[in-house]
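Open the structure in your viewer and keep the selection panel at hand. The stops below go chain by chain.

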Amino acid sequence: MKYALTCIVCPLGCVIEVEIKNGEIISVANYKCPRGKEWAIEEILSPVRPFMSVVRVIGGIFPVVSVKSTGPVPKENMKDLTKLLSNVVLQAPVPAGTVVLHNPMGLKVDIVTTRDA
Amino acid sequence: MIYDVVVIGGGPAGLAAAIKAHEEGGKVLILEQAEYLGGILQQCIHPGFGIHYLGEDLTGPEFASLFIEKVRSLNIPYILSAHVMKIEIMLPLAKKIQLIAPKGTKDIETKAIVYTAGAREKHGFEIGITGDRVSGIYTAGEAQSLMDLYGVMPGKRVLIVGSGDVGLIMARRLSLEGARVVGVVELMPYPGGLARNLVILRDFNIPLYLSHRVLEVHGRGRVERVKMARVNSKGKTIPGTERWIECDTLLISAGLVPDVRVLESLGIRIDPSTGGPVVNEFLETTAPGVFVAGNSLVINDLVDYAVEQGERAGMQAVRYAKNGGLPSMNWIPVEKGGNVRCVIPHYINGENEVILYLRARKPVKDATLVTGKKMHKIPVVTPAEMLRVKIKKEDITRPFKVEVSP
């Protein structure tokens, strides 16, 4: 299976070609730097993304408060994590930086608030 | 009380301007139309803010809070829910701002003004979308504010018009929160957003319709379906390519326009290519002592640039107030050469280092940016990414022309 990925490491936007067979990388081509190569491999084998959402808050400045993960999370877990957060209800005041969930789904990140509520 | 500088708009550019003006010894007041400081940053809950300015990757609210905390710790006064009705220039150092705020109407006197009121979003009717006037039609920013400030889902099956960053970011937010984004429609033959945001389309299997436009909305009470069609290289609809897409929500992400109504009423000259005012390198408009920064000046991709402009405008506004005006100069016009859609500032004086912000018309690979006699090699230039370049005093020529060539 061959993939063509537009690299997002820098504005150059190399279209990196990655070939995999049985879940293993066979070849990586068309990259211009080692960071691009590394990114393309990770993007195929275990893609991760920064994560952000909102959580309900009672008595706050707004009805919801924005949250983020303290590190990137696997792409495939983003929807479930969002669903998990839809069940969380906080009580104001909640200062920015408050941990809402600790190590949810064993993802080794925390979910923290990003504004005061 | 006569202020040195009144800042109109408490978003990133305005907060940066106010902090700078205060630090330079000015007596400053911030006026903000919303009930909170921080502007659109508060609803931009994704990361990507401050990478250049701070060397740190923050979410919008986190970036905003750095500036809000600073404003509070410096005791810079601000008025929230403050609507500016009118600005009057009585004399070069006497300006009057007419205000409606919760405590009533008020006239505020100031020597200089920094205008940082941001931009407004283009609506569907501005891009030729006709049809039924039903609920379920939002601009991308409205949807963002609904979801990320107020926790309300705008719809379940969403078609997005425009592949700029706001549209793509909303495609991700809607998909994550359980809506189905049935497509992103882009008039141009290439996508509008930054590469890191285009990944969103692949992540959520969202089809991108390049060289397409939305023509018509159909529904009873609520959006039910939307007609789109292919366009030719001139942007004209190709007959026979029309088709209907089922959806309950249409999100318009058709770009931003600097909000300059108050400035226009002052007779300030507007540049049609930016939609913002004509400015000199101090970011001063054609009305002496009225400075502009952020998205009111030019639509920026990065908050970092808005802050940089705010700091510049704030500093120069204090200088104006303290010295009774900025010295007259032999201004050199910044001329737009090939493949330059817009450039800020419009006039430079050749006495200082300046920062140019510009946008190309068309994408170019292995481009050369020519500024005066200086050449800058840039691997990839796209209209989606604003170019920022510092020009040294000794590299400023008369005349001074800027051009992006292959």
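**Chain A**

Select chain A: two helices and ten strands make up its secondary structure (DSSP runs, H or I of at least four residues for helices and E of at least two for strands, numbered from the N terminus). This is a predicted model, in which local features need pLDDT of at least 70 and side-chain atom pairs count only at pLDDT 80 or more, while totals for chains, interfaces and linings use all residues. Residues are numbered from 1 along each chain as its sequence is written, and chains are lettered from A and ligands numbered from 1 in the order in which they are written.

Trace chain A along the sequence and the pattern reads β-β-β-α-β-β-β-β-α-β-β-β. The C-alpha trace of chain A spans about 55 × 30 × 20 Å along its principal axes.

**The A/B contact**

Show both chains. The contact takes 22 residues from chain A and 22 residues from chain B (C-beta atoms, placed from the backbone, within 7 Å). On chain B, select helix H2 (60-73), helix H5 (195-203) and strand E26 (374-381), each of which supplies at least two residues of the side that touches chain A. H5(B) gives the largest share, five residues.

**Domains of chain B**

Colour chain B by domain: domain 1 (2-120 + 257-328), domain 2 (123-254) and domain 3 (332-406), with bounds from an automatic or database domain assignment. The C-alpha centres of domain 1 and domain 2 of chain B lie 32 Å apart. Their contact takes five residues from domain 1 of chain B and six residues from domain 2 of chain B.

Methods:
Two residues are in contact if their C-beta atoms, placed from the backbone, lie within 7 Å.
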